[in-house]
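User: I'm new to this one. Can you walk me through it?
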Amino acid sequence: MPNTAPSEIAENWLARFSAALAESPRKAVEEFFLEDCYWRDLLAFTWNIKTMEGRDAVIAMLEATLASASPTEWHVSGEPSVDGDTIEAWFTFETGVARCEGVARLRGGRCWTMFTAIRDLKAFPEKKGATRPLGIRHKADPDRETWSETKRRWQAELGTSRQPDCLVIGGGQGGIALGARLKQLDVPTLIVEQNERAGDSWRRRYRSLVLHDPVWYDHLPYIPFPDHWPVFTPKDKMGDWLEMYVKVMELDYWTSTRCVSAFYEAGKGFWTVELDRGGERVEVKPRQLVFATGAYGPPRAVELPGMESFAGEILHSSRYSDGSRFRGKDCVVIGAASSAHDVAVDLWEAGANVTMIQRSPTTVVRSDTLMEVGFETYSERAVERGMTVDKADTLTASMPFALVPAGQKVLYDLIRARDRDFYRRLSESGFLLDFGHDETGLLMKAYRTGSGYYIDVGACDLIMDGKIRVRSGQGISFLTPTGVVMEDGEEIRADAVIACIGYYSMHETVAGIVSRETADRIGPCWGLGSGTRGDPGPWQGELRNMWKPTAQEALWFHGGNLALSRYYSKFVALQIKARVAGINTPVYGAPSG
């Protein structure tokens with residue numbers, strides 16, 4: 001149908017596919033899907049976050065889930081777009097319990113990629129817009145309880161006479177975003193944060209830290225940054241925004257609170273969690289437990305031969321906040337990814353002599369370049385075209401992880417050609433560059449290992465000008481009282497060593513709070529199972545254990561950067577709400593427990 005409009009092609013395909021699906025999943029897939037197809041589902045069919053690759057996998061999923069999902073009311077929404085031989089069509093549909101949305105990419109009249117996701121639960125929609133709460137009773141009442149009185153009573157009862165349905169461990173951006181989503185779904189939720197104030201997880205970082213991602217990418221749910229907000233947010237400004245957000249969204253948020261232990265009462269359906277709240281031991285019994293401690297777990301231990309004899313200071317980057325006390329001193333920074341670059345710059349600005357020890361090649365991309373060619377969907381240009389953050393998030397999520405590398409390789413081929421002189425100078429300074437084993441650059445490293453990359457916001461100029469010395473190609477042999485001895489015998493004088501060596505997986509936090517056995521049964525968080533170093537196989541097709549059911553009942557992981565925390569908080573919240581409300585949630589592809 002060479003002259004047929006894309007809208008007609010999409011509507012015809014969706015109508016015929018949905019009709020065939022009602023008769024036979026196998027026939028529908030064989031007739032309307034390409035052999036090398038993909039279907040990524042966020043809860044709508046699978047009550048899981050799962051990607052099916054190939055017809056056989058799609059057929060197996062549909063045969064297992066179609067009866068419980070009972071999809072109906074399939075309709076194309078908006079005007080489909082065309083990119084070469086691919087038609088991209090957005091659509092809506094319903095299941096027995098949810099209103100859903102999707103994106104289909106068609107090639108030659110058949111589906112290449114399919115994306116489906118729950119938008120809201122029919123019985124429990126968020127109260128917003130026309131259904132927002134009234135906020136007041138319009139009548140005289142001698143027993144009236146004001147908003148502030150109700151809030152104080154609720155806060156006094158929560159965790160004592162009234163138990164939360166959900167406990168979120170970690171009150172950074174991930175825990176706060178999830179708490180906001182659960183609040184809108186009427187799930188009583190308690191967020192516990194070990195710091196003294198909301199936002200301290202940002203405030204306590206090194207003084208020069210600024211978000212490397214742009215403002216259009218970093219909004220929180222419900223309350224976007226105002227139009228005057230800077231493109232790159234300083235860390236203290238981010239901390240203040242999070243503190244404001246907690247207050248405005250009326251989240252139940254306990255500061256100076258540490259989770260000591262947690263035990264799941266399987267027969268009773270709740271956790272017994274011991275908290276240390278400012279020195280007072282408190283026991284709470286939530287039905288659902290979420291670890292929202294970032295994308296990572298505890299800091300990796302600093303283990304260097306001879307460190308016991310070193311006369312200076314050794315600290316992990318998580319404990320580094322200010323370089324002022326190192327003015328005029330010799331400092332060695334171990335590592336060459338984001339934290340190492342930021343720490344090195346902060347030390348240099350404070351007047352320290354800095355040497356960076358690069359243990360493995362690093363993917364580097366200039367911030368200006370990435371802004372111009374890598375954030376097209378999240379930019380002022382996109383906003384002017386009518387691209388909302390919700391639509392941008394859906395568009396990003398609709399592409400299966402298996403297909404992302406191809407587009408990233410094209411992007412980084414463009415970036416390397418555009419900035420060839422920059423990369424030449426950086427290499428000539430002794431810095432080891434790479435773009436991943438398959439030349440796919442920063443984003444795939446972030447998904448696969450969460451390490452090994454840096455968005456350049458100034459450190460590279462200092463390296464190329466020799467103001468920050470880089471020592472690469474050699475490992476550390478041992479420490480002496482006054483320095484670091486490299487494998488080739490060179491001793492680098494050091495008054496301080498800052499180890500930017502990363503963090504363990506988030507499941508290690510579970511080991512310390514729940515049990516080693518539980519953590520091992522769940523397994524590592526993050527990574528796609530690509531087989532690259534730091535991301536062991538087998539291939540997962542999704543990030544391991546993130547935002548979906550784990551091998552431990554009623555235990556969840558939530559985190560990532562601001563964008564991932566914003567988007568996937570919705571799906572963690574929907575899963576928790578469904579369970580709290582007693583909705584049947586048969587999980588397809590559930591992890592073994």
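Analyst: What follows covers a cavity and then a helix pair. This is a predicted model, where local features need pLDDT of at least 70, side-chain atom pairs count only at pLDDT 80 or more, and totals for chains, interfaces and linings use all residues. Residues are numbered from 1 along each chain as its sequence is written, and side-chain values use heavy atoms, with hydrogens and water left out.

User: How many cavities of 30 Å³ or more are there?
Analyst: A search of the whole structure gives 1. A cavity here is a set of points on a 1 Å grid over the protein atoms alone where a 1.4 Å probe fits but cannot get out.

User: What volume does the largest cavity have?
Analyst: About 40 Å³, where volume is the space filled by probe spheres set on the points.

User: Which residues line the largest cavity?
Analyst: The lining is A10, W13, L14, V76, A89, W90, F91, A104 and L106; lining residues have an atom within 4 Å of a point. Elements giving two or more residues to this lining are α1 (6–23), β5 (86–94) and β6 (98–107). Helices (H or I, at least four residues) and strands (E, at least two) are DSSP runs.

User: New topic. At what angle do α2 and α3 pack?
Analyst: Helix α2 (residues 25–32) and helix α3 (residues 55–69) pack at about 150 degrees, with axes 9 Å apart. That makes α2 roughly antiparallel to α3, since angles over 145 degrees count that way. Axes are lines fitted to C-alpha atoms, and angles run from 0 to 180 degrees between N-to-C directions.

User: Which residues of α2 make the contact?
Analyst: P25, R26, V29 and E30. On α3, the contact residues include R55, V58 and I59. Contact means heavy atoms within 4.5 Å.

Terms used
On a 1 Å grid over the protein atoms alone, a cavity is a set of points where a 1.4 Å probe fits but cannot get out, and a pocket is an open set with protein on both sides within 12 Å along at least five of seven lines; lining residues have an atom within 4 Å of a point. Angles under 35 degrees count as roughly parallel, over 145 as roughly antiparallel, 65 to 115 as roughly perpendicular and the rest as oblique.
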